[in-house]
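Dear colleague,

Please read them with the coordinates open.

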Amino acid sequence: MQGIQNLHRGESCGDFIVRIGKVNYYCMVVKTGKEEAFRLWAAKILADGDTLFTGQVLFFKKLMRTKKGKIYDEAFFPGYVFLETDCTDASLFSVFRQNKDFYYFLPKDDVAQPLTGLDYDCVTSLRNYGETIGFTAVKFDENDRIVITGGPFKNLSGTVVAVNRRNHRVNIRLDVFNRATVVGLTYYDIKKEDRSKEEKDYLKNK
């Protein structure tokens, strides 16, 4: 039966996976600066079979360049790592609470909830591009709502909040994960966001 596949060999999520065409992503808040260490710890836990589910923890980074041209990377979402899994039994994810650098799942409550909407689209877009985001180029108009047409943020909407014309860079605000995240981009590969139906109707009837 295409679209839904049941694998039933036991009671754990590692053995019983219901596939519905996409995996789920969960956002975990950890101590800032400890994201990579947490990812490596989680990878070992999952690889050793010490959990009743399968998956992996993702930590997104972005490449940066100093004024002298030296390239380095830093956290794209400081303090955030993401669990990618087919498992839908969120109670099993309590294994991550064993790590001293783990704080909580988003939204902040006792039960992990899968990402939806723009948050889900953001993670899947980044996931498809790779965990380390390179230098992404864009065109822009300051203060405009824009749609990114290429790179890891393809199809996401944002707002240009600052412009550095000397270095041909802009800052774009993305509203994801219950907070505004500012992304630094260069000049090409975006377009102005199309007007909404309401705006079009208003201008048409004006």
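Threonine 85 counts as buried because its relative accessibility is 2%, where buried means under 20% relative accessible area, exposed over 50% and partly exposed in between, with a 1.4 Å probe and protein chains only. This is a predicted model, in which local features need pLDDT of at least 70 and side-chain atom pairs count only at pLDDT 80 or more, whereas totals for chains, interfaces and linings use all residues. Residues are numbered from 1 along each chain as its sequence is written, and side-chain values use heavy atoms, with hydrogens and water left out.

Threonine 85 belongs to strand 7, residues 80–85; helices (H or I, at least four residues) and strands (E, at least two) are DSSP runs numbered from the N terminus. The side chain of threonine 85 comes to 3.0 Å from the backbone nitrogen of cysteine 87, a polar contact in the sense of a pair of N or O atoms within 3.5 Å, where within protein one must be able to donate a hydrogen and the other to accept it, and residues adjacent in sequence count only if both atoms are side-chain atoms. Not counting residues up to four places away in sequence, threonine 85 touches Val23, Asn24, Tyr26, Phe53, Thr54, Gly55 and Phe93, contact meaning heavy atoms within 4.5 Å.

**The chain as a whole**

The secondary structure of the protein chain comes to three helices and 14 strands, and buried residues make up 38% of its 206 residues. Of the contacts in the protein chain with a separation of 6 or more, 59% are between residues 24 or more positions apart.

**Cores**

The largest nonpolar core has 28 residues, and Phe77, Tyr80, Phe82, Leu115, Leu126, Phe153 and Phe177 are those with the most contacts inside it; such a core is a set of buried Ala, Val, Leu, Ile, Met, Phe, Trp, Tyr and Cys residues joined through side-chain atoms within 4.5 Å. Among the elements that give two or more residues to this core are strand 3 (24–30), strand 7 and helix 2 (117–129). A second, separate core of 21 residues includes Ala42, Phe53, Val81 and Val95.

Methionine 28 is found in strand 3 and is buried, with a relative accessible area of 0%. Leaving aside neighbours within four places in sequence, the contacts of methionine 28 include Phe38, Val57, Tyr80 and Phe96; the C-alpha atoms of methionine 28 and phenylalanine 96, 68 residues apart along the chain, are separated by 9.0 Å.

Three strands form an open sheet in the order 6-5-9, with mixed pairing, two strands being paired if DSSP finds at least two bridges between them. Strand 6 (71–75) and strand 9 (132–133) stand at the edges, each with a single partner strand, so one side of each is left without a neighbour in the sheet. Strand 5 (residues 61–65) pairs with strand 6 in the antiparallel sense over five bridges, and methionine 64 has tyrosine 72 of strand 6 as its bridge partner. Leucine 63, also in strand 5, is partly exposed at a relative accessible area of 28%, and its C-alpha lies 6.1 Å from that of isoleucine 133, 70 residues apart in sequence.

**Cysteines**

Cysteine 27 is buried at 0% relative accessibility, and cysteine 122 is buried with a relative accessible area of 1%. The count of disulfides comes to zero, a disulfide being a pair of cysteine sulfur atoms within 2.5 Å.

With best regards
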